[in-house]
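Here is a short note for a colleague who is opening this entry for the first time. Please read the numbered points with the view open beside them.

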Amino acid sequence: MKRIVTVAIWAAFAGLLLPGTMAKAQTASPQQRVATAPKTVVTDLSAQRRRPLRRVPIYRQEWAPDVYPRYNPGPNAVRDCTAHYVQEYRPSGTVITPRMNCYWRPG
């Protein structure tokens, strides 16, 4: 509370000193008034500039399926597949796994 009172007293004291200096400035000639015109006061809010928002570019990419071949086989195409079993040799032992080969043919 003491600090607030002290600051208020200093502000009032500074306010009493300012009108005396303003009276001297009013008696000056017009050319001096223009030359000694007070500049704009920079406050904390006016000193801060707003930065423009950063725009993130979005690039459109063509979606491609992960199927081979990557072309359109046509409206009447049929997928023809052949399946068979193959032996695979693994560290745990021999394993039989299915294999499938497919291709598109005209329907």
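1. A search of the whole structure turns up one disulfide, a term that stands for a pair of cysteine sulfur atoms within 2.5 Å. C81 and C102 form this link, with their sulfur atoms 2.1 Å apart, and with 115° about the S-S bond the link is right-handed. Because C81 lies in strand β1 (residues 77-90) and C102 in strand β2 (residues 93-106), the pair ties together parts that are 21 residues apart in sequence.

2. As for the basis of these values, this is a predicted model, in which local features need pLDDT of at least 70 and side-chain atom pairs count only at pLDDT 80 or more, while totals for chains, interfaces and linings use all residues. Residues are numbered from 1 along each chain as its sequence is written, and side-chain values use heavy atoms, with hydrogens and water left out.

3. C81 is partly exposed, with a relative accessible area of 34%, and C102 is also partly exposed, at 27%; here buried means under 20% relative accessible area, exposed over 50%, and partly exposed in between (1.4 Å probe, protein chains only). Of the 107 residues of the chain, 3% count as buried.

4. The secondary structure comes to three helices and two strands, and read along the sequence the chain follows the pattern α-α-α-β-β. Helices (H or I, at least four residues) and strands (E, at least two) are DSSP runs, numbered from the N terminus.

5. Among contacts in the chain with a separation of 6 or more, 31% come from residues 24 or more positions apart, where contact means heavy atoms within 4.5 Å.
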